[in-house]
Structure formats: structure tokens, C-alpha cells
Amino acid sequence: ISNSFHTSVSYYTRQLRIYAKMISKHHDVARGAYFNNTGAILKYIIPVKDEIGLDRIDIFSKDAVLIARGHQPEEFNLNSNSAFLKSALTGKELLYIEEQQNSQFVLKAMVPIYHINIASKIVGAVTVGYILNNRLAKELKRMSNSDILFVKGNYIIATSFDELFEYPILLKNPKVFEYIEGTRLDLIEETPGIERPEGFSVYIAINNNVIRTAFLKVIILLLVLFLTTAGLALWITIRIGSNIKNSINIIHRSTTEIDKANYQLDIHLDTKDEFKDLADTLNSILRNIDSNFKTIRSQKEKIEDLTSLLSNIIETMPSVLISIDKDGFVTQWNRAATDFTAIDEKNSIGQQIWNLLPEFKKFREKSISVVSEQKVFEFYRESFSSKRGQIYNVTLFPIIKQGMGIRIDNISELEKKDE
């Protein structure tokens, strides 16, 4: 309310300043003030006053003499002792409220008049103003939406009310005014920020019944907004709680499937929250795991195929092939080894080779070098007491990080051919 009042007052003070400067710069006014030509000035200011709606236009000379008065053309050549006029003749622009002899108060703006050709030379001053009456109070009410009272001392001299009163009206209480029976208005004194006579005040009148009605409407509106917001918040809370519960259940069921090695699972959530991000992350991890497992399964199958092939080659090869660890214990025994020794694989695996085949002790010393130095030793045309008439080549070779391999090839047929 206060801001609206000051905005409406500022509108009129700006108008007064603009009008005062406009009149001061007019050729007839500047020349008339310099040459004390009352007739030329009146010929200009009287129609201007009526055209722009001013109540007062006064033109003064540089000697503080009234040259022309727009609302009373018959008054001129009057000396003035106004302190405001003296300030304006020094170059200051003034805004003030002045009490006149007929008990009227006028809102005025005063600016200096400068010589037409010499910009720094002051030749007089112009004053324009609005009477602070019921008409102006109603205009301020129209702009600020608040009733206005102009008060001098304890008396109301003008108001914005539509009702007709006989002014001045005694203001018994500076805080309350009962302008019609049963209607009491609270009064708030406002300071328009303009120099004014002592005892002059401006009040804003507020109808508490209107305020209470408006306040009640605001309270109802706030209550409706609160209930609506609370209901919406409750609905959102329930919905969020339900979404969270559903998301947790879906993710929990998905983890159960993952425990069963179901890596082709796709976790689908319709929400747009952290659970959706978690589900997307799990889906990405599952796709990577499934892809890796497929690669591992493929590699495993290849390894199994190669292992099976190698095992078949070892088992079916005609050469005796025996593998022992670093301590001489048998770790591999092919079918040719069984035929050669008459000892099957079951009874040979895990046995000390030197105890199992005593005739092999002659290779024991070399076996140490095979394992420790990773060397290969070949023995040609070897014979064994258990295999009379047969000639063999024996090869000892290292098996990296495992021990040693023994290969025995029967070369008896080759020897006979050579003979």
C-alpha cells in the first residue's frame, strides 16, 4: 500500500518537473522574464495551464518580482520573500508543498529560467503546481488503490472519498477515522519525501473490514493450497514407496536368477530413479559376464578337444611314453608302456619309477641333470633283460615345471633290415 502511494506521488512530481522545465525553456517566457513583459508571458502560460491541467503557473524575474500568474492574470509586479524562490534564482530545482493565503496547499515544482543566448545566465524562475484538493486525492486513490486524506493540524482539508463533506473536518483520533456511520478506517501517516509546511500530513485510510475479508480469502486459499499440496505429497510418497518396493522385489528376484548362473537375464524397470540406474548397470554387467562365459566355454571346449586329441595320440603311439615328477613318481603311463612292462596304468601312476622298473636305475643319474639343467639325453641300442633279443633307443627329456619324460622306441626291426 505504501509503495503504491509513493509511486502515484512520484508520477505527479515528475510531471511537475517536466512541465516546469518545458515552460522555462519557451522563447516567450525567457524573453518576457528578461524584459519583464507580462503580456507576452500571459499569452503563452494561460492556454498552457488549461491544456496540461495545471492549477498554478507563476513567473518571477531575477529580482524576485512576480511578473505573471496564470490562474490570476491581474496579479503581477508583486515582490516575493520566498526562500524557495531565492534558491531557484541560484540555479537549484525545487519540489515542495506550500500553504497559500486562502488555506490551500499546493504541490509545486520550481526551476530557474535561463537567458536564451547565454546558457549560464539566470533571468528568473517558473513555478508550476497542483492544488492538494479532493480531485487530486481521488487521482492518487485511482493510481494507488487507497483512500487519501490531506490533513492540517487536527483538521482534514481534503479526501478521496466520494461522499460530500464540509471541510475542514475535525480529526479526533489521528489513527482512526469514521467517515460514515459504522465504517471505521485505520489511518497510516505517510511521508511523501517532499518539503512541506509544519503540521501538514498525508494519511492512507484502510478499511479493516475489507482487509479482514481479503485476509480470510488468503487464509482459505493458503489452506486449500496446503491441503492440495499435502494430498499431492501423500500421493507422491505412496507412489514412490510402491515404486521402490516393486523395484526392490524385481532386483531381488533377478539376483536369485543370477545365483543360478542365468546371465542372459534382462532386468526391466519402468521408473526413472536410482533403481533404474542400478538395473541398467546390472544388465550391462550381465551382458559382459554372459559374453565372457561364452568365450570361456568356447575356449574350454577347444582345450578339451586338444587335450582329448593329445591323449589319444599319446595312448595310441607305438613308442613307450612315461612321465615322472621331480621326485621320480609316475604321472603318466601310456598303453605302449603297459605292453612294454606288463604293468597297467592303474598300478603304475604314483609309483617310484626306480622301484617300479629296477632296470631303469641306470638312467637315474642322468635324470637328475635332465630336471635340473633341462637337458635331453639319448641312449641308443639299449637292451633289457626282460626283453631279450630286443633293441631300444631311450630318450630322457625335460617337461617344464613338471619333471621328466621317458620315451622308449623299439628299433629291433630296423636293425634286422640294416643287417
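Modeller: What follows is a close look at one strand and its surroundings.

A quick word on the ground rules: this is a predicted model, in which local features need pLDDT of at least 70, side-chain atom pairs count only at pLDDT 80 or more, and totals for chains, interfaces and linings use all residues. Residues are numbered from 1 along each chain as its sequence is written, and side-chain values use heavy atoms, with hydrogens and water left out.

Our stretch is strand 13, residues 320–324 (strands are DSSP runs of E, at least two residues, numbered from the N terminus). How many of its residues are buried? The count is 5 of 5, so strand 13 is mostly covered (buried means under 20% relative accessible area, with a 1.4 Å probe and protein chains only).

Now for the partners. Strands pair here if DSSP finds at least two bridges between them. Strand 13 has 5 bridges to strand 17 (residues 403–410), and the two run antiparallel. Within that pairing, Leu321 has Arg407 as its bridge partner. Strand 14 (residues 330–333) is also antiparallel to strand 13, joined by 3 bridges. There, Gln332 of strand 14 stands opposite Ser323.

Strand 13 and strand 14 make a hairpin, with 5 residues between the strands. Find Gly328 in that hairpin: its phi is positive, near 90°.

Finally, zoom in on Val320, which sits in strand 13. Val320 has a relative accessible area of 5%, so it counts as buried. What does Val320 touch, leaving out residues up to four places away in sequence? Part of the answer is Ile406, Arg407 and Ile408; Asn334, Ala336, Ala337 and Phe340 are in contact with Val320 too (contact means heavy atoms within 4.5 Å). As for Ile406, it is 86 residues from Val320 in sequence, yet their C-alpha atoms are 7.7 Å apart in space.

Definitions and conventions
Helices (H or I, at least four residues) and strands (E, at least two) are DSSP runs, numbered from the N terminus. Buried means under 20% relative accessible area, exposed over 50%, partly exposed in between (1.4 Å probe, protein chains only).
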